[in-house]
Amino acid sequence: MLNSKAVFLVLGATGRTGRHFLSLVLENGHHVRALVRNPEKVAIQHPHLEWRQGSISDDDKLDDLVRGVDIVVSLLGNASLQKQEKINTQFVKRLIPAMRRQGVKRFLYQAGGFTKPYKQRLPLMTWILKNTMARSRGLIGQHKDNEAVIEYLVEEAPDIEWMVHRAAIISDGPSKGTLKRSKTRTGLATFGDCAAYNYALVMDDSALHTTDLSCYSK
Ligand SMILES: NC(=O)c1ccc[n+]([C@@H]2O[C@H](COP(=O)([O-])OP(=O)(O)OC[C@H]3O[C@@H](n4cnc5c(N)ncnc54)[C@H](OP(=O)(O)O)[C@@H]3O)[C@@H](O)[C@H]2O)c1
């Protein structure tokens, strides 16, 4: 278990999961550094929150971004760009060496419920839904990008305390309960519940080097 008061770097803090995650981490008394491309999207100010303007494509600022951080959390996505380019993989391949240089160990990456785990197949029904529903919504590229991130973490980052959440999110409505880790079951979650799950997951040493799904406890 990590120090109960940590410094988080949140990537994607202006996104649908990121907004909830940011509030939750601050409510729990941690310090947060958050990357924002467009300052107009800065929704909250807090004494323990530092906004840094920039993009994950800014090479030169990466060491500075991770310096002094305990935990890095990626809630990044850009589905239209990910149709052509593995932007998250390109970024993670630069992020992990920067984390090593700055002595930062822990990293949570949110992927999707249709993202394949490393060297495994999806269950048939999930595969069918991926190739109908996710394909029609233009999300195949995003999952391919997520899969390449997982491959890189498994093959080239065994020294990093990483965990991947393969989240299945459906709405931004009120909480539907508490998500727990599962190898086989998935819950159609809210963004808020996913954020709460991510917070618990990143503090959980038993989740290191896992790429599990999440589902609601009964
Ligand atoms: N949405 C779903 O239903 C769903 C379901 C399951 C899994 N997931 C996974 O969860 C992840 C996050 O999804 P989400 O829906 O919460 O995200 P989202 O609402 O699409 O937000 C994406 C975040 O990434 C940021 N971002 C994109 N490109 C960036 C760049 N070049 N530099 C800095 N920041 C950048 C965005 O910043 P801006 O505000 O500047 O655009 C935004 O904060 C995705 O990778 C996806 O695979 C999503």
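**Figure 1. What covers the buried side of helix α1.** The cover over the buried residues of α1 includes β1 (7-11), β2 (31-36), β4 (71-74), β5 (106-112) and α7 (191-202). Helices here are DSSP runs of H or I with at least four residues, strands are runs of E with at least two, and both are numbered from the N terminus. This is a predicted model, in which local features need pLDDT of at least 70, side-chain atom pairs count only at pLDDT 80 or more, and totals for chains, interfaces and linings use all residues. Residues are numbered from 1 along each chain as its sequence is written.

**Figure 2. Helix α1 up close.** Helix α1 runs over residues 16-27, and its 12 residues reach 18 Å from first C-alpha to last, close to the 16 Å expected (1.5 Å times one less than the number of residues). Thr 17, Gly 18, Arg 19, His 20, Phe 21, Leu 22 and Val 25 are its buried residues. Buried means that 20 or more other C-beta atoms, placed from the backbone, lie within 10 Å of a residue's own; exposed means 12 or fewer, and partly exposed is in between. Just past the helix, Gly 29 has a positive phi of about 85°.

**Figure 3. Val 10 and the nonpolar core.** The largest nonpolar core holds 51 residues, and Val 10, Val 72 and Val 73 have the most contacts inside it. Helix α7 gives this core its largest share, 7 residues. Such a core is a set of buried Ala, Val, Leu, Ile, Met, Phe, Trp, Tyr and Cys residues joined through C-beta atoms within 7 Å. Setting aside neighbours within four places in sequence, Val 10 is in contact with Gly 18, Phe 21, Leu 22, Val 32, Ala 34 and Val 73; contact means C-beta atoms, placed from the backbone, within 7 Å.

**Figure 4. Around the ligand.** Of the 26 residues around the ligand, Gly 12, Gly 15, Thr 17, Gly 77 and Gly 112 come nearest (a residue is near if its C-beta atom, placed from the backbone, lies within 6 Å). Two or more residues of this shell come from each of α1, β5 and α6 (140-156).

**Figure 5. Arg 166 in its strand.** Look for Arg 166 in strand β6, residues 161-167. Arg 166 counts as buried because 23 other C-beta atoms lie within 10 Å. Not counting residues up to four places away in sequence, Arg 166 touches Ala 111, Gly 112, Gly 113, Thr 115, Thr 211, Asp 212 and Leu 213.

How values were computed: Contact = placed C-beta atoms within 7 Å.
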